[in-house]
Amino acid sequence: MNWTAIIIAGALMGGLAIVFGIVLGIADKKFTVQEDGRISLVYECLGGANCGACGYAGCSALAQAIVEGKAAPNACPASGAEKVARISEIMGVSAQAKEPMIARLACMGDCESVALRYNYDGLPDCRIASGLSGGPKMCTYACIGMGDCVKACKFGAIYLSEKGLPIFIPEKCTGCGACAQQCPRGAIKLAPKLSTVMVACRNDDIAKESRANCKHGCIACKKCERVCPVGAISINGKHSQIDFAKCIKCGECAKSCPSSCIEVFDA
């Protein structure tokens, strides 16, 4: 065995390894992109649930977009005034927090109030159920009640009641809108968190059909419109709608509604 040849080959391989290591080390330092330290600071001020309500793939993508000037400091719906102020401080700009929003259900058609077209016995999925012969409920505007919104919420702010309608937990809801986007009926709406009065019906059927399909269906009787002292409620199509900017939260509309489809929430 030629030990000299083996030693020489080993030395050459070792030398080449050292050279390649040095070259790779230099290349790593030369071509490494240094991450802006502000990205991690901004990220800490975001919601952290990667809900996508901001329009970006997740919180990391939004943090980078804010630092790059492609997104506003208040782009995250889950960031409150204090966190928006902190992001603005990090970025050296001024920005105000958006008006806090909350998800509300514009429907009172629970299992005791709405007429059924058929008994659904399929997968617990709102989109599937709503696509079968108009859905199990006679009212085609009604919440399906299969819990797609519950599954879409990243903050644990929704649960289904025993009567089959989603209940929103104000303390947990960030107003991100993921639940509203998931609802195939558009029965979930975002409203200002400080608003306490809402028409919980979107039915645009004529009054006779509305009342036949759901005992809480709006019949566009205009009683609410007539009693409102500030003109904050009016008929939109065949159902009432409140202008939150005008509403003074007196609750007179709710008292006058013969269908009891106007809800008053705690402040």
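The model is a predicted one, in which local features need pLDDT of at least 70 and side-chain atom pairs count only at pLDDT 80 or more, while totals for chains, interfaces and linings use all residues. Residues are numbered from 1 along each chain as its sequence is written, and side-chain values use heavy atoms, with hydrogens and water left out.

**The largest pocket**

The largest pocket holds about 480 Å³ of space. On a 1 Å grid over the protein atoms alone, a pocket is an open set of points where a 1.4 Å probe fits, with protein on both sides within 12 Å along at least five of seven lines, and its lining residues have an atom within 4 Å of a point. Its volume is the space filled by probe spheres set on the points, which are joined across faces, edges and corners. Of the 19 lining residues, Arg104, Ile167, Phe168, Glu263 and Phe265 lie nearest the centre of the pocket. The lining divides into 12 nonpolar, 1 polar and 6 charged residues, where Ala, Val, Leu, Ile, Met, Phe, Trp, Tyr, Cys and Pro count as nonpolar, Asp, Glu, Lys and Arg as charged, and the others, Gly among them, as polar. Strands β1 (101–105) and β3 (166–168) each supply at least two lining residues, and β1 gives the largest share, with 4 residues. Strands here are DSSP runs of E with at least two residues, and helices are runs of H or I with at least four, numbered from the N terminus.

**The largest nonpolar core**

A nonpolar core is a set of buried Ala, Val, Leu, Ile, Met, Phe, Trp, Tyr and Cys residues joined through side-chain atoms within 4.5 Å. The largest one has 20 residues, of which Ala103, Leu105, Cys143, Ile158, Phe168, Cys179 and Ile188 touch the most other members. β1 gives the most to this core, with 3 residues. Leaving aside residues up to four places away in sequence, Cys179 touches Ala103, Cys149, Ala152, Ile158, Phe168 and Ile188, contact being heavy atoms within 4.5 Å.

Buried means under 20% relative accessible area, exposed over 50%, and partly exposed in between, with a 1.4 Å probe and protein chains only. In α4 (residues 81–91), Val84, Ile87, Ser88, Ile90 and Met91 are buried. Seen down the axis of α4, these buried residues fall within an arc of 160°, so they line one face of the helix; the arc is that of the directions from the helix axis to the C-beta atoms. The face turned away from this buried side carries the exposed residues Ala81, Glu82 and Glu89. The buried residues of α4 pack against α2 (38–43) and α3 (59–67). In α3, Cys59, Leu62, Ala63, Ala65, Ile66 and Val67 are buried, and what covers them includes α2 and α4.

**Single residues**

| Residue | Relative accessible area | Class |
|---|---|---|
| Ser130 | 18% | buried |
| Ala180 | 21% | partly exposed |
| Ala220 | 25% | partly exposed |
| Lys222 | 40% | partly exposed |

Ser130, in helix α5 (residues 126–130), touches Gly135, Ile144, Pro184 and Arg185, not counting residues up to four places away in sequence. Ala220 has a positive phi of about 55° although it is not a glycine, and its place is in the loop between α8 (207–213) and α9 (223–227).
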